[in-house]
Amino acid sequence: MSDELENFSMLELFRLEVENQVATLSDGLMALETSGDPGPLLESLMRAAHSLKGAARMVDIQLAVTLAHAMEDCFVAAQSGELTLHDHHIDLLLRGVDQLVALASNTSEPAAVQELVSQIQCMDAIVPDAASGAADTGSDLEDNPPDQEIHTRSQPEATPSSEGIRADSPPAESAESTVRVSSTSLNRLVGLAGEVRVESRWLRPFAEAVLHVKHRQAEIIGLLDRLSDHLYAHNGDEYSKTLVSEIHTKTNHCRHEFSDRLSELDDYDRRVHGLANRLHNEVLTSRMRPFADVTRGFPRMIRDVARELGKKVDLKIEGLSTQVDRDILELIEAPLSHLLRNALDHGIESPEQRCQAGKSGQATIRLKAVHSSGMLSIHVEDDGRGIDVEKLRSSIIRKNLVDENMASELSEAELLEFLFLPGFSTRENVTEISGRGVGLDVVHSTVQRMRGLARVTTSAGKGTRFHLQLPLTLSVIRALLIEISGEPYAIPLARIDRTLKLDADQVEALEGRQYFTLGNQHIGIVFASQVLGHATHVDTGDYLPIVILGERTNRSGLVVDRFIGERDLVVHPLDKRLGKTQDISAASILENGDPCLIVDVDDMLRSIDLLISGGRLNRVRDTQTEYINTGKRILVVDDSITVREVERNMLAARGYHVDVAVDGMDGWNAVRMNDYDLVISDVDMPRMNGFEFVRQIKEDARLGSIPVMIVSYKDREEDRQRGLDAGADYYLTKGSFHDETLIQAVADLIGEAE
């Protein structure tokens, strides 16, 4: 068993060795394409291949030994002038690098590796001694002892940046020893450090409470002074005077001692608070990794894709030393890769087109990461053709996302937002280069998951720029604290469109929904307490505290009890045994020790949509009675907005409480979730027609007793009979429809409104 554990450890070290050395091989090979003096690069490449050969021999991966040896022979031949490495040679050697990675992860195909070794050996016109490749254990091991190679992570030697693909140098690795810690343990450590910081803040309110006791003590001493003065003024007995004097002396002694202890408590509070903050910051720093960790494969990817497309590209990477949370690094690699491929495929022109436009034949793509305003800002910018905004507008109309009139009024920024919609692409032909037509939704959804923002700007003929604004860490978020039904909740600031206090008089109603107008957009009002399933006891008063969530044309105003303020919160994942908690993503602990749930904005937006389509929304004016109305409740179901509003207004004028539904399916969801005295339904409706809707109600054991009236333009006797056969209690045709006819029919079925 110990041999297996040791072998596992050695394989892990070999994978680390490969990860480290292939970076040197990839960067060096690409630098060779443009380097004027290949000597230093070849020396570095030869040493990297030699180290990998020795490491592979130690873990007995013979194919890796053979491949690394063949590559080393090529570099030695190039150093001696026997071989000149051209682009096709470098392509072959880069394939060798890929195979070394595959061998380390045990995902390679032996036949493909053998064939590649043969091609490399034929390439350099050197026929190495097979025996020396397999059993050369003498000079090689002496030159580079394998024990040292395996047990220490060799650092890649600095190589000159290539002209075509270059990046600012990452900071040199620290010489300090390192240990490997699981991400789970590190997450727990972050959580504990956050709790320590919260607990340390408890001392401050405790010290303030003690100070309050000190003030009470001072009042008691003042009363003793008055008592002493009274005794002396009225010739009190000597015993009383002595007793009061002794009490006064001891009380003064206690006051001084109390002051000293309180001063010590203040000093201790400052020390503990500072120590807790330092501990918390240090633990968070331990989660940070340089941005360079995520960019290692980008130069190689850009080179390969550019060659495939016949384009010349200069990739410039800035901010490699920028510190980023390790969780964010894992998440942003795919979106950044998509943006770079998208720039190459969509944005960058061919060398001929660039020359015709008066540009350099070689394009430039710039990737930059910086800390800005407490956030991580990542920019992906190219100097290509830019985005044709008018072509984008036509594509939006063609895909029926908006009508032509609205599209003509959209600004450039609003049009560019459509690029992030799922499946949206301006490319007619699907390719594998930039996402197979998936579009930029993969970027947008990943950034949203990280509680960040994605924006795009463009300039015709000059290029396009994508800006990703992300939190520095997922362990701590900046959030708005709100109160809902007396409990604190947190909403990440990055997901909030805006907050406001709305004058209740600005609330309007249409089809049973309430909304207000912001700019030129109607925004629906939803009570947060209703979304979360709490009782609605909001004292709306004259102003409503509202948090606007959502994007573009799909925004909702969430009514909360009150705004508490902004906070930096340590994120604590919920126990996995709870599963996915609806509308909640995580939890945190406030400064006073109270727990606080963090809202999952995407999930809440989905809950709002379901509440709108399948249930009934509470109204601003009804919240005090929790939706209880003295009038009888009626549900009007019709796909015509005109008919719905006419019937609703007529019935509401007679004192009935009226809800509306847009079709049979919407009505079926509504009638199951609420109690109605009467249902009025049309016949011809999408998703579920009136006959089927009535039948569903009458066949339900709980709902079957609810009276149902059909109001339809169909006035044939067979239609009337079909409605009655389905279970309708009354059939009224719209052709003979008059105010009193409908009102009288309702009164016959359920009586007057009370």
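Predicted model: local features only at pLDDT ≥ 70, side-chain atom pairs only at ≥ 80, totals over all residues.
**Entry 1: helix 9.** Helix 9 has 18 residues, and I recorded a reach of 26 Å between its first and last C-alpha, close to the 26 Å expected at 1.5 Å a residue. I recorded its buried residues as Leu186, Val190, Gly191, Ala193, Gly194, Arg197, Val198 and Ser200. Their cover includes helix 10, helix 11, helix 14 (326-347), strand 17 and strand 18 (584-589).

**Entry 2: aspartate 583.** I next examined the loop between strand 17 and strand 18, where aspartate 583 lies. Is aspartate 583 buried or exposed? I found a relative accessible area of 2%, so aspartate 583 is buried, the cut-off being under 20%. I asked which side chain makes a polar contact with the side chain of aspartate 583. The partner is serine 607, at 2.6 Å. Leaving aside neighbours within four places in sequence, I listed the contacts of aspartate 583 as Val531, Leu532, Ile598, Val599, Asp600, Asp603, Met604 and Ser607.

**Entry 3: strand 20.** I checked burial along strand 20, residues 633-637, and found five of the five residues buried, so the strand is largely enclosed by the rest of the structure. I noted that side chains in a regular strand alternate between the two faces of the sheet. In strand 20, Arg633, Leu635 and Val637 point one way, whereas Ile634 and Val636 point the other way.

I then looked up the pairing of strand 20. It pairs with strand 21 (residues 657-661) in the parallel sense, over five bridges. Within strand 21, histidine 657 is the bridge partner of arginine 633. I followed the chain from strand 20 through helix 22 (residues 641-653) to strand 21 and recorded this β-α-β crossover as right-handed. Strand 20 also runs parallel to strand 22 (residues 678-681), and four bridges join the two. There I found valine 636 opposite isoleucine 680 of strand 22.

**Entry 4: confidence.** I recorded an average pLDDT of 78 for the protein, with 83% of the residues scoring at least 70. Residues 1-8 have a pLDDT below 50, and I found zero contacts for this stretch beyond near neighbours in sequence. For residues 622-629 the pLDDT also stays under 50, yet I counted 20 contacts in the model beyond four places in sequence.

**Entry 5: whole protein.** I noted 26 helices and 24 strands. Of the 754 residues, 47% count as buried. Among contacts between residues at least 6 apart in sequence, I recorded that 71% join residues at least 24 apart.

Terms used: Residues numbered from 1 in each chain as written. Heavy atoms only, no water. Buried < 20%, exposed > 50% of the residue type's maximum accessible area, 1.4 Å probe, protein only. Pairing = 2+ DSSP bridges. Right-handed = clockwise from strand over helix to strand, strands pointing away. pLDDT = per-residue confidence, 0-100. Contact = heavy atoms within 4.5 Å. Expected span 1.5 Å × (residues − 1). Polar contact = N/O pair within 3.5 Å; in protein donor to acceptor, adjacent residues only side chain to side chain.
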